[in-house]
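Here are my notes on the model, point by point. Have it open while you read.

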Amino acid sequence: MSRARLVALDVDGTLMSYDGVISDGVREAVAGLCEAGVHVVLATGRSVISVVPVAHDLGLTDGWVVCSNGAVTARLDPDLDDGYEIAKIITFDPGPALRTIALELPDALYAVEDVGFGFLVSGDFPVGELQGEHKRVPFEELTQTSATRVVIRSPQSTPEEFHELVERVGLHEVTYAVGWSAWLDLTPGGVSKASALEEIRQRLGVEPFATAAIGDGGNDREMLQWAARGVAMGHASDAVRAVADEVTGTIDDDGALDVLRSLLA
């Protein structure tokens, strides 16, 4: 049996393809890990209302999920009305960062997460990009709302331009991650998937050497470094692969499945 007793899994681009498909093999492997007594924790940038259905689809009805890049931790419980309860929320004041970026990107779309419901938004996001209810509010209201996660979407920009923007304006007291598209996530400073997972690890009494993680995005780097066995997907950027202990196949190859099976070997 694998030494891993806590396995952290990114969702989009790792377990789930970009068109929203999780293979039957991944479902079977996750079920096998659970049956073996392994704690399987989804760790994602998704909001809690978006990740809980994914957890249930994988057969995970109790345990833990890390949401909003570590700013929200939820406990799954099939006896609760929504199937979960919020265990911890970490917020920050998004005003300074929002105002600074808006000077550079006045035409971008901005959203502040409304935990458990959806998002407060400055405009209409593309269909399907943000789950839950959307409430359109003035930009100034966004800057005054305590936030777990802020999303900035600029269809006219590239990820490279977002990286340059972050370097140029110097974001302080927030943690940021640039997505594959022109998408920027802001979370409270010092907060990451890894920081939330470390609290769960200690709560569960799992030794540090008995941890594993799989991810593909910039927001997975700390998680891959945190895990005793950190595995990057084959399509991950050079920066993500550089911090991993090993690299598996791409999402098109269902690369996470090989790792999950090896954890059961």
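How many aromatic pairs does the count come to?

1. The count comes to 1 aromatic pair. The partners are tyrosine 110 and phenylalanine 139: their ring centres sit 5.3 Å apart and the planes make an angle of 70°, so this is an edge-to-face pair, given that angles over 60 degrees are classed that way. Bear in mind that we're looking at a predicted model.

2. Where do the two rings come from? Tyrosine 110 belongs to strand β6 (residues 109–114) and phenylalanine 139 to helix α4 (residues 139–143).

3. Burial of the two partners is worth a look. Tyrosine 110 has a relative accessible area of 2%, so it is buried. Phenylalanine 139 comes in at 26% and therefore counts as partly exposed.

4. Among contacts between residues at least 6 apart in sequence, 57% join residues at least 24 apart.

5. Overall dimensions: the radius of gyration is 18 Å, which agrees with the value near 18 Å for a compact globule of 265 residues. Along the principal axes, the C-alpha atoms fill a box of roughly 55 × 40 × 30 Å.

6. As for the surface, 55% of the 265 residues count as buried. The protein chain exposes about 11700 Å², with carbon and sulfur atoms supplying 48% of that area.

7. Last, charges: I see 19 positive and 42 negative side chains in the protein chain. The centres of the two sets lie 3 Å apart.

Terms used: Residues are numbered from 1 along each chain as its sequence is written. This is a predicted model: local features need pLDDT of at least 70, side-chain atom pairs count only at pLDDT 80 or more; totals for chains, interfaces and linings use all residues. Side-chain values use heavy atoms; hydrogens and water are left out. Rings of Phe, Tyr and Trp (its six-membered ring) pair if their centres lie within 6.5 Å; planes under 30 degrees apart count as stacked, over 60 as edge-to-face and the rest as tilted. Helices (H or I, at least four residues) and strands (E, at least two) are DSSP runs, numbered from the N terminus. Buried means under 20% relative accessible area, exposed over 50%, partly exposed in between (1.4 Å probe, protein chains only). The radius of gyration is taken over C-alpha atoms; the globule rule is 2.2 Å times the number of residues to the power 0.38. Contact means heavy atoms within 4.5 Å. Accessible areas come from the Shrake-Rupley method with a 1.4 Å probe; for residues, only the protein chains shown count as cover. Lys and Arg count as positive and Asp and Glu as negative; His and the chain ends are not counted. The place of a charge is taken as NZ of Lys, CZ of Arg, CG of Asp or CD of Glu.
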